[in-house]
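The sequence and the model come first, and the notes follow by topic.

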Amino acid sequence: MRPPLRSGRLFGLAYRWHGPEGEPLLVLAGLLGDSRRLRRLGRDLSTQGPVLLVDPLGGGDSEVPHDPAAYRWDAQVDRLERLLDALGLGAVDVLGLSLGGMWAQQLHLRAPHRLRRAVLAASCVHATPRLRALLSNLRAQVQAGLPPLELARWLIGLLFSPPFLDRPGAVALLESMLLDTEAPPAGLLGQIDAILAHDARGRLGGLRARVIGGALDWLLPPGDQMRLQQEVGGAPIHLLPESGHCLWIEQPAAFAAAVAEALASWPRSQSS
């Protein structure tokens with residue numbers, strides 16, 4: 001029997017449940033993301049069934065290893081598999097957000113029997129030269145000890161669309177949110193290195209996946225996400241207009257509806 005629904009931390013990974021007991025949708029947060037910031041998303045998605053939110057290694061309430069080897073994808077997938085085993089879960093549906101979408105791809109590469117269906121949001125199949133340049137710049141700023149407020153301001157321009165940032169009070173709210181996000185330098189550097197090491201090109205055959213993105217995503221432009229969609233051979237990419245990279249924050253209701261629609265494209269009985 002599966003343990004009762006609860007929140008906690010196992011094998012270094014923090015998790016939180018939303019909704020009733022049952023087979024959950026596993027939500028893997030992205031860079032600078034965590035389950036506390038995704039409470040609205042968890043509530044919206046839980047109207048369709050239970051949701052299990054997992055913080056990325058190095059962020060949120062998850063462990064922050066100082067050993068770079070802990071952030072290798074084989075080690076991260078091993079942690080995730082052990083967490084699923086401890087919670088009595090076998091094959092799961094997965095929603096991966098940005099870095100979390102890469103984690104989902106790596107789960108498919110190393111343990112394809114664990115991933116039933118996937119929705120990959122604002123993600124990519126590999127770190128392009130453009131993305132590598134941006135992240136190398138971010139990595140250098142973290143190592144140089146850039147003040148948190150200045151780092152937050154730099155990130156806001158990458159993560160959110162101009163229409164969203166033009167809303168009254170949006171920039172101040174996002175600055176406060178990012179400053180309140182638990183992102184120790186060791187964890188942020190480990191997450192960046194994981195993204196830089198991600199490359200699933202030519203290896204995603206058999207993955208049942210849909211891709212959702214923001215039409216105004218500057219960090220991972222639609223072209224990057226379209227290449228991911230081509231790799232998984234799924235339906236046409238679902239782009240939310242007027243949304244940047246963090247579309248689950250900019251358009252939460254529309255994003256939750258797009259996720260539900262994507263999962264509904266494969267009846268659960270046909271996806272095992």
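**Sheet and helices of a predicted model**

E1 and strand E2 (residues 13-18) form an antiparallel pair with three bridges, where pairing requires that DSSP finds at least two bridges between two strands. Helices (H or I, at least four residues) and strands (E, at least two) are DSSP runs, numbered from the N terminus. The model is predicted: local features need pLDDT of at least 70, side-chain atom pairs count only at pLDDT 80 or more, and totals for chains, interfaces and linings use all residues. Residues are numbered from 1 along each chain as its sequence is written, and side-chain values use heavy atoms, with hydrogens and water left out.

**Sheet**

- The open sheet has eight strands in the order E1-E2-E4-E3-E5-E6-E7-E8, with mixed pairing.
- Strand E1 (8-10) and E8 are the edge strands, each pairing on one side only.
- From one strand to the next, the twist averages 25°.

**Helices across the sheet**

- Helix H2 (residues 73-86) lies across E1, E2, strand E3 (25-28), strand E4 (51-54) and strand E5 (92-97), at about 45° to E2.
- Helix H11 (residues 252-264) lies across E3, E5, E6, E7 and E8, at about 145° to E6.
- Axes are lines fitted to C-alpha atoms, for helices over the stretch in contact, and angles run from 0 to 180 degrees between N-to-C directions; contact means heavy atoms within 4.5 Å.

**Helix H9**

- Pro-222, Asp-224, Gln-225, Leu-228, Gln-229 and Val-232 are buried in helix H9 (residues 222-232), that is, under 20% relative accessible area with a 1.4 Å probe, protein chains only.
- These residues lie on the same side of H9 because they cover an arc of only 160° around the axis, taken from the directions from the helix axis to the C-beta atoms.
- The buried residues of H9 pack against helix H3 (99-110), strand E6 (115-121), strand E7 (209-214) and strand E8 (238-240).
- Gly-233 follows H9 and has a positive phi, near 65°.

**Whole chain**

- The chain contains 11 helices and eight strands.
- Of its 272 residues, 55% count as buried.
- Among contacts between residues at least 6 apart in sequence, 75% join residues at least 24 apart.
- The C-alpha trace spans about 50 × 40 × 35 Å along its principal axes.

How values were computed
Buried means under 20% relative accessible area, exposed over 50%, partly exposed in between (1.4 Å probe, protein chains only).
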